[in-house]
Amino acid sequence: MTSDPYGGFRPRNPSGLFPSGPPARPTYREPHPVSGAGVALGGAGAAAWLLLFGLLGTSVRTYAWWTLVAGGLAWLVALLLVRYGDRGVGTGIAIVTGGGWSIAAAVVVTRWATSGDWPLW
């Protein structure tokens, strides 16, 4: 004769496919989740912003300075959006601004390497 270790009572052990009640721990959700559409809109806006300011430059020097100024203003807006507004849009702005600054840096370094003269002063 085998004895039942549970004394005839089997503990309920749900599989998880059909939850039997509230979760064991609280579930925390982001109050303002970042969406892909917000990141894309922020990136498109920042690209247009940097393009318009970059077109104001008539030489490598003025292009680089206009891009730095436009990127600085864009990052200030991104910081405000991340803190008080849509974080997805702020993220898109920050990503594209970093890319725009990288392009401007590559243009400056290329000009410096080919001419031997630092183009920003």
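**View 1. Helix 2 and helix 3 pack with their axes 9 Å apart.** In this predicted model, helix 2 (residues 60–84) and helix 3 (residues 87–115) pack at an angle of about 160 degrees, where axes are lines fitted to C-alpha atoms, for helices over the stretch in contact, and angles run from 0 to 180 degrees between N-to-C directions. Helix 2 and helix 3 are therefore roughly antiparallel to each other, a term for angles over 145 degrees. Their crossing is left-handed, which is the word used if the near helix is turned anticlockwise from the far one by less than a right angle, whereas clockwise gives right-handed. The helices are DSSP runs (H or I, at least four residues) numbered from the N terminus.

Residues are numbered from 1 along each chain as its sequence is written. Because the model is predicted, local features need pLDDT of at least 70 and side-chain atom pairs count only at pLDDT 80 or more, while totals for chains, interfaces and linings use all residues, and side-chain values use heavy atoms, with hydrogens and water left out.

**View 2. Helix 1 packs with helix 2 and with helix 3.** Helix 1 (36–54) meets helix 2 at an angle of about 150 degrees, with the two axes 8 Å apart, and the pair is therefore roughly antiparallel, with a right-handed crossing. With helix 3, helix 1 makes an angle of about 40 degrees at an axis distance of 6 Å, and these two helices are therefore oblique to each other, oblique being what remains after under 35 degrees (roughly parallel), over 145 (roughly antiparallel) and 65 to 115 (roughly perpendicular). Helix 1 passes helix 3 in a right-handed crossing.

**View 3. A nonpolar patch lies on the surface.** The patch is formed by W49, L56, W66, V69, L73, L76 and L79, which together have about 660 Å² of accessible area (Shrake-Rupley method, 1.4 Å probe). Patch residues have over 30% relative accessible area and no salt bridge, and nonpolar side chains are joined within 5 Å; a salt bridge is a side-chain nitrogen of Lys or Arg within 4 Å of a carboxyl oxygen of Asp or Glu. Helix 2 gives the largest share, five residues.

**View 4. L56 and L79 belong to the nonpolar patch.**

Conventions. Patches are made of residues with over 30% relative accessible area and no salt bridge: like charges are joined within 9 Å, nonpolar side chains (Val, Leu, Ile, Met, Phe, Trp, Tyr) within 5 Å.
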